[in-house]
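Here is a short briefing on a protein model. Look at the structure first, then read on for its charged pairs and overall build.

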Amino acid sequence: MLQHDVLIVGSGLAGMRAALEVSEDPSLDVAILSKVHPLRSHSGAAQGGIAASLGNSAEDSWDLHMFDTVKGGDFLVDQNAAELLAREGPENIFELEHMGCAFSRDEQGRVAQRRFGGHTAPRACYAADRTGHAVLTVLFEQLLRRGVKVYSEWYALDLVVRDRVCQGIVAYDILTGQIEAIAAKAVMFGTGGYGRAFRVTTNAFASTGDGVVMAYRSGVPLEDMEFVQFHPTGLQGSGILLSEAARGEGAHIVNSDGYRFMADYAAGRMELAPRDIVARAEQSEIEAGRGVTDLQDSVFMDLRPIGEERIRYALPSVLHLARDFAGIDPLVDPVPIQPTAHYSMGGIPCDINGQVRLKDQDDAPIVGFFAAGEASCVSVHGANRLGTNSLLEAVVFGRRSGRGILDVVKDLEPTSIDEGDMARAIGEVDKHLRADGPEKVGAIRAELRDTMMDKCGVFRTDEQLHEALADVKSYQERYERSSIDDHGQTFNTDLLDAVELGHMLEYAEVIVSGAIARQESRGGHARRDFPERDDDNWFKHTLAYREEDGPRLEYCAVNMEPQHREAFPLQERTY
Ligand SMILES: Cc1cc2nc3c(=O)[nH]c(=O)nc-3n(C[C@H](O)[C@H](O)[C@H](O)COP(=O)(O)OP(=O)(O)OC[C@H]3O[C@@H](n4cnc5c(N)ncnc54)[C@H](O)[C@@H]3O)c2cc1C
């Protein structure tokens with residue numbers, strides 16, 4: 001059995017920032033574990049920026065940032081968490097800058113800031129359109145400097161919890177095929193999002209919701225999983241992201257008539273309305289027959305109004321992605337785009353210090369278990385996340401979780417993992433290696449992704465969602481009869497694909513079940529049969545607890561303290 005004081009699973013911005021904070025105490029043995037090389041974590045693909053109310057380009061303040069966040073999330077945001085996100089934003093940016101993060105500059109030499117959807121001030125700090133990469137690299141350098149142990153290309157298979165006390169994890173060394181127990185007094189999951197269950201997505205191959213499902217299987221409920229964000233500017237076909245920075249810089253979105261249709265949906269903000277609103281507008285135009293290209297499944301984004309010089313300076317990745325993946329030169333032609341599954345608002349429920357909580361009657365914690373970043377649901381994004389708030393969340397709440405761990409870890413008992421604790425993970429790997437059923441993992445996964453996109457996508461109805469649930473159940477049965485081709489020990493990605501499909505089938509059921517139950521439209525969850533937001537019945541978070549025959553749904557209140565109730569009362573969300 002391997003052993004550490006603190007083990008961080010996931011080396012995106014949330015995991016790395018937490019590990020860095022914990023390593024402030026040199027007496028603690030901290031390790032970080034990731035199924036991909038740390039610098040290949042999805043955070044590195046983030047393009048557009050990281051929010052903070054520095055006020056460098058225009059008047060701004062933390063409370064304006066908080067209000068935009070609460071409104072952008074269609075009020076399903078826990079306001080204590082949103083306050084911290086906004087208040088602690090600037091100091092986190094300065095800290096990254098002091099570590100050496102190369103943010104783009106304005107003419108006075110200050111950190112440059114640009115506009116993003118749903119933010120009333122230019123608030124996105126950026127490093128051209130490679131912001132995630134810039135921040136991730138800097139954090140990794142700091143971790144190496146501190147000598148933090150890194151398990152690179154190790155796969156966490158199971159979380160071990162005994163009597164509500166976290167013991168550690170069971171992990172698989174992808175290079176050797178060995179299964180190892182790693183005990184730790186405190187474990188933090190920064191395992192990222194779950195967008196890979198959708199056919200069209202911006203997410204990396206690794207974004208398969210592993211951490212979310214490991215927590216769920218250990219008795220932790222999942223919060224607000226039905227809220228999935230569809231980004232309006234995915235490259236047609238592949239869904240590869242073209243950063244919202246393009247619209248921030250002044251790109252237009254037009255239909256087959258060349259008309260900037262956002263005038264009909266959010267005249268006050270046009271293309272810079274929040275993502276859920278722009279994605280729905282696009283989908284409506286496409287369904288009304290005003291789509292572009294032969295497939296009629298997309299609209300155009302036109303970057304030419306920005307001007308060549310500025311595009312080359314501020315949007316080099318957008319330029320290259322369109323050229324390389326669609327063969328279109330945005331300097332010359334408009335680019336076909338479509339809604340693409342982008343961000344997971346739901347996840348593992350935790351408090352503002354990253355402590356995972358059961359959210360049952362006494363809101364018990366899982367002792368020694370923490371979460372941060374996209375895998376968690378501290379609920380700063382509510383029903384819809386604003387662009388650039390997620391990198392900020394990963395950094396702010398990664399740091400807060402690190403501090404949360406420092407506050408308690410000295411008082412926690414050493415933990416242990418025995419053979420019984422490892423049985424589930426070993427059994428699962430063995431099952432896949434021995435299975436000889438007729439079904440193929442790749443085929444089931446493709447069908448699952450079609451189902452989620454077509455029946456649980458930008459718009460949803462009761463009928464489609466019930467079909468989706470029946471589909472998912474049938475895929476779960478077929479999965480039990482599936483087999484893999486590679487039975488080897490070294491770099492068996494076939495095996496890991498099978499494990500990941502198991503995760504996707506499990507959380508897809510939770511997404512669909514939550515979506516069926518929620519008979520209203522709010523943020524990223526848009527029901528054609530219930531088009532209005534319904535605060536009387538649905539101003540509450542969904543909690544899905546795992547039972548033998550599927551999730552059991554409960555609900556809990558949204559945090560709205562008296563001072564917030566006064567400052568940011570519930571109101572209609574218009575732009
Ligand atoms: C293309 C794209 C562009 C984006 N642009 C922006 C932007 O400009 N601004 C913004 O604010 N947000 C943006 N986002 C969202 C933002 O990047 C993510 O929400 C954020 O980076 C998530 O960070 P994280 O640390 O939570 O997880 P991730 O960066 O996704 O990292 C997850 C980590 O968990 C590890 N992991 C997962 N499962 C396992 C397992 N079973 N075993 C071991 N390790 C595991 C992975 O290896 C990885 O290291 C973008 C997202 C995408 C997809």
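**Salt bridges and overall build**

The count comes to 57 salt bridges (a side-chain nitrogen of Lys or Arg within 4 Å of a carboxyl oxygen of Asp or Glu). This is a predicted model: local features need pLDDT of at least 70, side-chain atom pairs count only at pLDDT 80 or more, and totals for chains, interfaces and linings use all residues. Residues are numbered from 1 along each chain as its sequence is written, and side-chain values use heavy atoms, leaving out hydrogens and water.

- Glu 88 and Arg 400 join in a salt bridge, 2.6 Å from N to O.
- Glu 88 sits in helix 3 (residues 79-99) and Arg 400 in helix 10 (residues 389-409), so the pair ties together parts 312 residues apart in sequence.
- Arg 199 pairs with Asp 454, with the closest N and O atoms 3.0 Å apart.
- Arg 199 is partly exposed at 36% relative accessibility, and Asp 454 is partly exposed at 42%.

**A pair within one helix**

- Glu 308 forms a salt bridge with Arg 312, at 2.9 Å between the closest N and O atoms.
- The two residues, Glu 308 and Arg 312, are four apart in helix 8 (residues 308-314), so about one helical turn separates them.

**The whole chain**

- Of the 575 residues of the protein chain, 63% count as buried.
- The C-alpha atoms fill a box of roughly 65 × 55 × 50 Å, taken along the principal axes.

How values were computed. Buried < 20%, exposed > 50% of the residue type's maximum accessible area, 1.4 Å probe, protein only.
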